[in-house]
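I opened this one to see what holds the chains together and what sits inside them. My notes follow, in the order I looked things up.

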Amino acid sequence: MNIPKDLYYSEEHEWVRVEEEKVYIGITDYAQSQLGDIVFVELPMVDEEVEVGGEVGVIESVKAVSDMYSPVSGKIVEVNEELETSPELLNEDCYQNFILVVQMDNPDDINELMSAEKYEKYCSELED
Amino acid sequence: MSLKRTPLFTAHQKSGGKLIDFGGWELPVQYEGIIKEHMMVRNKAGLFDVSHMGEIEIKGENAEKFIQYLMTNNITTLKDNQIQYTFMCYENGGVVDDLLVYRYSNTHYLLVVNASNKDKDYEWIKKHAIEGVEIKDTSDSYAQLAIQGPLAEDILQKLTKTDLKTIKFFWFDPEVEIAGAKTLVSRTGYTGEDGFEIYTRNEDAVKVWDAILEAGKDDIAPIGLGARDTLRFEAKLPLYGQEIDQDITPLEAGLGFFVKLDSDDFIGKDALVKQKEANPDRILVEFEMIDKGIARSKYEVEKDGVNIGWVTTGSHSPTFEKSIGLALIKREYFTPGEEINIIIRNRKLKAKLTKGSFYKKNTKK
């Protein structure tokens, strides 16, 4: 399983890449492999305010519907519209293809997330 | 409670199957991905483990009469080695199960039933037992494999001396040797493609499975339950619990062809005759999403703000690369081409009622 070292991870299997006040958010390799073939992504609205744990989209694979939650609070400043026509990009490269970008209210939210090492351990425990 | 395993469990592990709890059975939902597996079956061939299906054997001098009384289809038209798709109904016309009846002779039949309904079916059949019939649950004595797809015949033919062309659609041969194993082979399946279902002794299952994969090489792959569902759905084959169940009659589901109201008395006949005369209030319809989204089972359907029914199955269609569905709606609202709304996560998304937009079956007649 691919877990890049420079990202942060949530228990809901989102990854977070911090670029100053902005964070890029996507789903992890573990999430995309569990979901299987992704055929639809419902994106949130730009300018919407989100809380930690707030719903920011829905990902549907052939078999399952899965909600996506924001790992940070703030304002949504960008969504990856390419996923509306090519949702399979999340299977092809889940780290290159972000889902949304949030301008953080509270940079401390990042401290609540897991490091790559911690997340790897978290996933291996789920497998048992 | 631990999950039941089929004789092919280790073969699935070996092939990288992603195993899940499927109604108490530990079975592969997918190997390489549902879409890839789906297209493999449409274009070449796929191999399925369907050993979880139930088998109930009925023998005795009154077997034919007894089965006829339980089934909506006309069993008496069957010849030896022929198979029929039928429903077993409750008195009110709701469905106990949909199943296949295999006739060895008019005193010996095999009923192949849905895994999740097997115990219920067995109890139902025993409850109505008459003199001169013997009923036996033989589910644990068989493993069942399905080979499906346009290349299924070519691949299987490599492993047997029996000329498979002699087995016509919905017929079986009870004595086919495949890779040295004694099997029963029927030309049936659940994908909309040509193909066979193979019943083997449990101890021969892995041998037959491996031999088929070996014989097919790159033209065949093991297929999981995920693609089994998208394949059957695209071909508009009904699934118990979705298109039909105890509260949906075969007539409402548009499956009246398998209900012979002019044959001898059977359980549910009165209710179904009445429903046919009055025209069922509900009808199973096809739709295509106009807005982006995927309709799933049980989502509500509206027309001009009025609830008119619900989705029975909805999915992304790998063959057509669009989002399609089946819904059970009030008959008066069915006009192909008309727009309806599917309520997806509290949003009203547009869909269009269609007719004939599902996969055209490629089975041999």
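This is a predicted model: local features need pLDDT of at least 70, side-chain atom pairs count only at pLDDT 80 or more; totals for chains, interfaces and linings use all residues.

**Entry 1, the interface.** By that rule I get five salt bridges between chain A and chain B. One pairing of side chains I looked up is Asp229(B) with Lys63(A), at 3.2 Å from N to O. I also find 13 residue pairs in polar contact across the interface of chain A and chain B, both partners at pLDDT 80 or more. On the side of chain A that touches chain B, the elements giving two or more residues are α1 (29-35), β4 and β6 (55-61). The contact draws on 15 residues from chain A and 18 residues from chain B. The two chains bury about 1,400 Å² between them, with 51% of that on carbon and sulfur atoms.

Asp210(B) and Lys14(B) meet in one, at 3.9 Å from N to O. That pair links distant parts of the chain: Asp210(B) is in helix α6 (residues 205-216) and Lys14(B) in helix α1 (residues 9-14) of chain B, 196 residues apart. I noted Asp210(B) as partly exposed, with a relative accessible area of 29%, and Lys14(B) as exposed, at 66%.

Next I checked Glu288(B), which forms a salt bridge with Lys322(B), the closest N and O atoms being 3.2 Å apart. Glu288(B) lies in strand β14 (residues 282-289) and Lys322(B) in strand β17 (residues 322-330) of chain B, so the pair ties together parts 34 residues apart in sequence. Is Glu288(B) buried or exposed? Glu288(B) is buried, because its relative accessible area is 17% and the cut-off for buried is under 20%. Lys322(B) comes out partly exposed, at 28%. I also traced one network of salt bridges with shared partners, joining Glu42(A), Glu60(A), Arg296(B), Arg345(B) and Arg347(B).

The largest nonpolar core has 37 residues, and Phe48(B), Phe87(B), Leu100(B), Tyr102(B), Val112(B) and Ile244(B) have the most contacts inside it. β4 (38-42) of chain A supplies at least two residues of this core, and so does each of several chain B elements, including α2 (34-43), β6 (95-105) and α7 (225-234). β5(B) gives the most, with four residues. I then found a second, separate core of 28 residues, which includes Ala45(B), Ile147(B), Ile178(B) and Phe196(B).

An unreviewed UniProt entry annotates residues 22-102 of chain A as "domain: Lipoyl-binding". Over that stretch I read 19% helix and 42% strand, with the end C-alpha atoms 6 Å apart.

I picked two residues here. Gln32(A) is found in helix α1 of chain A and counts as buried, at 11% relative accessibility. Its side chain makes a polar contact of 2.9 Å with that of Asn91(A). Pro44(A) lies in the loop between β4 and β5 (49-50) of chain A and is buried too, with a relative accessible area of 10%. Leaving out residues up to four places away in sequence, Pro44(A) touches Val56(A), Ile76(A), Val79(A) and Leu100(A).

Technical notes: Residues are numbered from 1 along each chain as its sequence is written. Chains are lettered from A and ligands numbered from 1 in the order in which they are written. Side-chain values use heavy atoms; hydrogens and water are left out. A nonpolar core is a set of buried Ala, Val, Leu, Ile, Met, Phe, Trp, Tyr and Cys residues joined through side-chain atoms within 4.5 Å. Buried means under 20% relative accessible area, exposed over 50%, partly exposed in between (1.4 Å probe, protein chains only). UniProt positions are given in the numbering used here, feature names are shortened, and annotations may be inferred rather than shown by experiment. Contact means heavy atoms within 4.5 Å. Buried area is the accessible area (1.4 Å probe) that two parts lose on being put together, summed over both. A salt bridge is a side-chain nitrogen of Lys or Arg within 4 Å of a carboxyl oxygen of Asp or Glu. A polar contact is a pair of N or O atoms within 3.5 Å; within protein, one must be able to donate a hydrogen and the other to accept it, and residues adjacent in sequence count only if both atoms are side-chain atoms.
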